[in-house]
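Subject: Structure for your files

Dear colleague,

Here is the structure I said I would pass on.

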Amino acid sequence: MHPAFPIAPMPAVQTGLDASWRRCQHDYGLDPSAPTLPDVLSGAELRQACQRAGRVLYSAGPELERLHAALAPVSYTVMLSDMDGIVLTHQAGPAIRRGCRRWHFWPGAVWDERHAGTNGIGTCLAEQRSISVHRNQHWRSGLHGLAGVATPVYDAYGRMAGALNASSFHPTPDGALGVLIASALLQSARQIELNCFMDQYRGHAIMLLGDAAGASVPLVALDRERHIVGATHAARAQMGLATTDDINVCLLDDTATPAPDAPLREAQTVAIHTALASARGKVAVAARMLGVSRSTLHRRIRNIAQTQATARP
């Protein structure tokens with residue numbers, strides 16, 4: 001049991017949940033011993049939340065089914081929440097459905113951190129990062145028998161749209177499955193983002209700008225003039241663009257060359273390498289793919305080579 005307002009370091013502090021515990025104590029004023037489960041919305045309220053989620057909810061369907069197939073043998077349920085912590089949809093096997101209802105692992109439950117305290121969904125949303133909360137790492141003592149792992153889900157415009165979560169009401173004592181579950185959630189979150197992005201920019205050229213960063217894959221959508229008209233969360237971070245910014249950036253042109261440390265420079269470098277690889281090293285073909293002249297592409301290749309030579313020790 002927690003004391004009324006715990007001060008001594010606990011396992012939650014050691015696993016990176018200390019900020020959440022401070023919010024629960026100082027910002028929310030939550031009594032950890034209060035026997036409180038999350039509120040559950042009415043059917044009409046849940047339908048409104050699902051409508052607001054739009055294409056993200058639709059794109060997540062196949063991934064929730066895949067995750068459920070993988071996690072059902074270890075008695076985990078899979079849930080998708082929106083940014084308010086509202087569970088929009090879930091997948092649970094017949095053997096655990098009754099327990100899921102009892103513990104509010106169910107559509108309409110509101111797992112925001114402000115009311116439910118430290119938990120997988122709510123803390124993931126509050127800190128916008130992947131989170132694992134195991135047993136007594138929950139702020140509320142009534143949730144000490146639970147375990148939850150959650151990771152952010154992003155929409156086609158680079159905005160965080162909610163959290164993908166796997167939870168259990170009888171987890172293993174040591175939390176040994178946490179790392180494997182977190183990895184599975186991460187892959188599914190990336191696929192949901194990809195599904196949303198490909199659906200939104202159907203008919204556009206899609207370019208990968210490097211390795212995935214967390215739950216987001218750095219993708220950009222290009223129009224016929226090779227202007228960037230769409231970018232995922234990771235791509236926006238790579239190019240120094242806020243999620244609120246409209247995008248209409250020329251990936252390559254005949255006039256401007258960004259500084260070596262400019263955020264767009266890395267995107268241009270990846271685009272050039274990708275085009276050259278696709279064109280099997282033929283500059284003329286790569287230039288057509290990028291929508292620039294051969295002279296421009298030759299100049300950019302020289303600039304990249306010079307920058308890389310300068311950067312070598």
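Residues are numbered from 1 along each chain as its sequence is written, and side-chain values use heavy atoms, with hydrogens and water left out.

Confidence. The protein chain has an average pLDDT (the predictor's confidence in each residue, from 0 to 100) of 86, and 88% of the residues score at least 70. Over residues 1-14 pLDDT stays under 50. The model still has 29 contacts (heavy atoms within 4.5 Å) beyond four places in sequence for that stretch. Where pLDDT is low, the predicted coordinates should not be read in detail.

Helix H8. Helices (H or I, at least four residues) and strands (E, at least two) are DSSP runs, numbered from the N terminus. H8 takes in residues 178-200, 23 residues in total. From first C-alpha to last it reaches 33 Å, close to the expected 33 Å (1.5 Å times one less than the number of residues). Its buried residues (under 20% relative accessible area, 1.4 Å probe, protein chains only) include Ile181, Leu185, Arg190, Glu193 and Phe197.

Cores. A nonpolar core here is a set of buried Ala, Val, Leu, Ile, Met, Phe, Trp, Tyr and Cys residues joined through side-chain atoms within 4.5 Å. The largest has 54 residues, and Phe105, Trp111 and Leu164 have the most contacts inside it. H8 gives the most to this core, with six residues. Apart from it lies another core of 22 residues, Leu209 and Leu297 among them.

Strands. Two strands pair if DSSP finds at least two bridges between them. E7 (residues 219-222) and E8 (residues 227-231) run antiparallel, joined by three bridges; valine 220 has alanine 231 as its bridge partner. Their hairpin has four residues between the strands, and arginine 226 takes a positive phi near 65° there. E8 is also joined to E9 (residues 249-250), antiparallel, by two bridges, with cysteine 250 the partner of histidine 227.

Threonine 232. This residue is in the loop between E8 and helix H9 (233-239).

Regards

How values were computed:
Predicted model: local features only at pLDDT ≥ 70, side-chain atom pairs only at ≥ 80, totals over all residues. Buried < 20%, exposed > 50% of the residue type's maximum accessible area, 1.4 Å probe, protein only.
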